[in-house]
Amino acid sequence: MRPPRLAETLLTVLLPEGYRGDSVRGDLFEEYTERARKSRRRAAIWYWVEALRVGFRYVGSRRVPVFNGPGRPTPGSRLDRASRTSWMRDLAFDIRFGFRGMKREPGWSLATLGTLGLAIGATSGIFAVVYGILLRPLPYPDPGRLVSLEFTPSSQATLEEASSWDDRMRRHYRRSITFPAYESLARGVVRTRRGPGAGNDHRPFWGLGAFDATWSYDVSLGEEGGTQRLGGVLASASLFQVLGIPPLVGRWTSEEEDQPDTRGAVLLSYRLWQDRLGSRRDLDGVQATVNGIPYTVVGVMPPNFGFPSETVDLWISLSHASRGLGSTNYEVVGRVVPGPDERQVDGALASQRVGLIRTGGPDWEMRPSVTPLQSSLVGEVRPALALLFCAVSTLLLIACVNVMNLALTRATRKEQEHGLRAALGAGPGRLARLLLTESVLVSILGAVLGLGLTWIIVNAVPGFAPEAVPRKASVRLDGAVLVFTGAVAVVVGLAVGLVPALHAVRLRSGTRLIPGFRWSSWGSVERRLRDGLVVVQLGLALVLLVSGSLLIRSFAALLNEETGFDPVSVLTFETSLPGDEYAEASARRAFYQELNDRVLSLPGVREAGMTIYLPAGGQFHWGDIEMEGHSPAPGQEVRVEQKEVTPTYFDVLGMDLLEGRPFRAEWVWSDAKEVVVTESLGRRHLAGESPIGRRINTGEDEWWTVVGVVADVRHRGAERDVPTVFFPYYSYRGGLDVALKVEGDPGVLALPIQRILADMDPDVTLFSLMPLEARLGRAVAGPRFQAFLVGAFGLLSALLSVVGIYGVMAYAVTRRTREMGIRRALGAESSRIVGRVAAHGFRLTLFGVGLGLVGVFLLTGLLEGFLFGVGPHDPTTLILAVSLLSGASLVACLVPAFRAARTDPLLALRSE
């Protein structure tokens, strides 16, 4: 019975040669034989444990023969075996040496581990976010062949016309076409044959799928009923075939169910299936009512399917066309056949001209092109994530510089130890390898500690990030993040240990054994290197601190910007009416008139106003209008945001009336067609003239008279000067949003409002019950997210830089203790000593700030797209950041200076 062969081989490598090693191996073999008679498995486990324990105890005690002859040792010889195993023994010794060094100097160890753990952990956490959202492959078969189609105006005139549209509308229309246009395009570019003979078909796509943007729908599901507001997507049956994800339960929707006159079908998300159907696998007879329209539930998608975003809970077939549900414009996704690249596919599409008839827009002839689906899904958040990764990478670089300075200081203190090792025969390469191994070991341990911070970021950022950020569910701590963390730890360890290693091998071994000896040439190089590292550290910290300060000031400016209304003490909620019961406009008006009367009777409610879309809700309705006496040039049509409101809406929101009066309207139809507009309408299209008394036409041969002008209203985040026309509410087909001006805490009215709606009609859906201030906060979640993280990184980098300059100055004072003592003994005043020490720190701070200002003017211009109400070179921000960093650095310089001034001459002269 032989022990495990691999364990025997390990013992042969680790144990010393000769009688000592043979004796140990023999004893272990005898004990293994006795144990194996009872249980060979337990004996093998015991042998492995003893082999590792005993073998590593003898690491380094085995003599390695020296080979000085030419050529390589003979394969299989003793010299050859020694050369192949010596690196293992040296590595084990270096690792033990690193642990002993950290144990002897706990202060240095804690500072280094804490700094590297914080920096590497933050970097890995942001990398996990960036990788999960931007780089992780989509969870579909062969995702590299999935593309999104975009549409560009085919003529210069149409391109100029399209450029005059609002950015948001232009982005929307660039990706969407009407369903007839989609069908025409599919007939021209999708292969109709697969398999034998398909090679003669040069069309570039296996299939195309159409879907609209995510909408919110009122959904009643299953026998329990109960209406819930959910995110849904209108999707063609071919979309699921293109994506290639089979349903978990049931089937996909079919092409027959896409026809207008058929009963529609829906697919459910996994979480909705669990919550509302209790994971029921038998879907026969399960119905879903979507906005009052009945659909058949035909399948359930897998847990990891969330297209085009994780907020989608149901996918609805396109049989809605004759029912007026959702949009008339669709985005298109395709799967490219193997072989052609993106340029070849664009070339194949160049012959296609799609005539697009758009709702609310002009008739355009478009040229289709493709972009990778992954880039299309995450393109809008790419700049913000790139900014965060650059910020955290700068923080990591600052931490590396800080630790490098600490390592260089430590290596200088250990010159005599390195000299003794050199005198005993350690060559330059052996010393360098010893220090690099120790540095990498410390970096890896710091990275292990930093994984805790990485875990916190990975779990916190998806919840803290704005709802609009796609693919947040893909952010997780997995093998890719661990590999990245390990790679960063090794690179950082080698970079940090390189300078101390060069310092150790450059000094002459004999002089390092002389107490108090300083090699002047290297000493000056060492001082310049440490000073240069501090300057670079301060410069990088200033760039990051200014960037974070700019984003924080931008966020503050966004919050303090005049919104055009007063959100204080305003409670808001949204409603949705069942389609069948409120199909007539008179029924809808009667319902909201009663709701208005009831909420006004609640204690604390001063006024009530209603509208189709509340501010900061992300929804909008665009349209062209014709203004009396105004003839716009081609491509300069008057495009405005249109909102239906009740007359009291202006008072509830405290909107400033600049001219005229609000319109007079009641809950019944009136022949007095009056509207109120925002001031930007006159500023943009009437050369500053007053629009009061002018008539506008919405394109339906209905002329409305402008009777009032209000201040511009910031309905959608930072967009404030969007021309808006307020129409009186008469016949809007959907539900209304309600705003209440209240006294005291708005939250106390939540339960009474729920009771009122339940009493009026239990089928009416109530959602998004919250103060208007909370809505505004949600609208600026993106800038707040960026400002918080970059600002935190900036402050942390400043702290690390201040600690770094303090360490350098403190070490300089320690090195000059004998000099300070002599000066004090010769009568030098304390103020002169403080001045000499502090002046050095002042010069480093000045150079660091100067370098940082150069970086600020070169790099912060890249932030311009993220800023609002503040420029990238804002002088106030620069002054504050420079003052903060300079002040903290100077304090860090003065502390060691005052300590030097109190040096006892006798103790200083005895120190060496």
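A crossing of two helices is left-handed if the near helix is turned anticlockwise from the far one by less than a right angle, and right-handed if clockwise. The model treated here is predicted, so local features need pLDDT of at least 70 and side-chain atom pairs count only at pLDDT 80 or more, whereas totals for chains, interfaces and linings use all residues. Residues are numbered from 1 along each chain as its sequence is written, and side-chain values use heavy atoms, with hydrogens and water left out.

**Exercise 1.** Describe how helix α18 packs against helix α21, and state which residues make the contact.

Solution. Helices (H or I, at least four residues) and strands (E, at least two) are DSSP runs, numbered from the N terminus. Begin with the geometry: α18 (residues 585-600) and α21 (residues 750-760) pack at an angle of about 145 degrees with their axes 11 Å apart, where axes are lines fitted to C-alpha atoms, for helices over the stretch in contact, and angles run from 0 to 180 degrees between N-to-C directions. The crossing of α18 and α21 is right-handed. Next, list the contact (heavy atoms within 4.5 Å): α18 supplies Phe591, Glu594, Leu595, Arg598 and Val599, and α21 supplies Ile756, Leu757, Asp759 and Met760. Finally, sort these residues, which divide into six nonpolar, no polar and three charged, given that Ala, Val, Leu, Ile, Met, Phe, Trp, Tyr, Cys and Pro count as nonpolar, Asp, Glu, Lys and Arg as charged, and the others, Gly among them, as polar.

**Exercise 2.** Determine which strands pair with β23, and whether the residues of β23 are buried or exposed.

Solution. Two strands pair if DSSP finds at least two bridges between them. Strand β14 (residues 570-576) is joined to β23 in the antiparallel sense by five bridges, and strand β15 (residues 605-611) also runs antiparallel to β23, with six bridges. Ala739 of β23 is the bridge partner of Thr572 and also of Gly609. For burial, take buried as under 20% relative accessible area, exposed as over 50% and partly exposed as in between (1.4 Å probe, protein chains only); by this criterion six of the six residues of β23 (residues 737-742) are buried. Asp737, Ala739 and Lys741 point one way, while Val738, Leu740 and Val742 point the other way. In a regular strand the side chains alternate between the two faces of the sheet.

**Exercise 3.** Locate the buried residues of helix α10, and say what covers them.

Solution. In α10 (residues 270-277), the buried residues are Leu272, Trp273, Arg276 and Leu277. They lie on the same side of α10 because they cover an arc of only 100 degrees around the axis, the arc being that of the directions from the helix axis to the C-beta atoms. Their cover includes β4, β5, β6 (249-250), β7 (265-268), β9 (293-300) and β10. Of these, β4 (residues 215-221) and β5 (residues 227-234) pair in the antiparallel sense over six bridges, while β5 and β10 (residues 312-316) pair in the parallel sense over four bridges.

**Exercise 4.** Examine the backbone at Ser279 and at Pro308.

Solution. Most residues other than glycine have a negative phi, and most peptide bonds are trans. Ser279, in the loop between α10 and β8 (287-290), has a positive phi near 60 degrees, and Ser279 is partly exposed, with a relative accessible area of 31%. Pro308 lies in the loop between β9 and β10, and the peptide bond from Phe307 to Pro308 is cis, with omega near 0 degrees.
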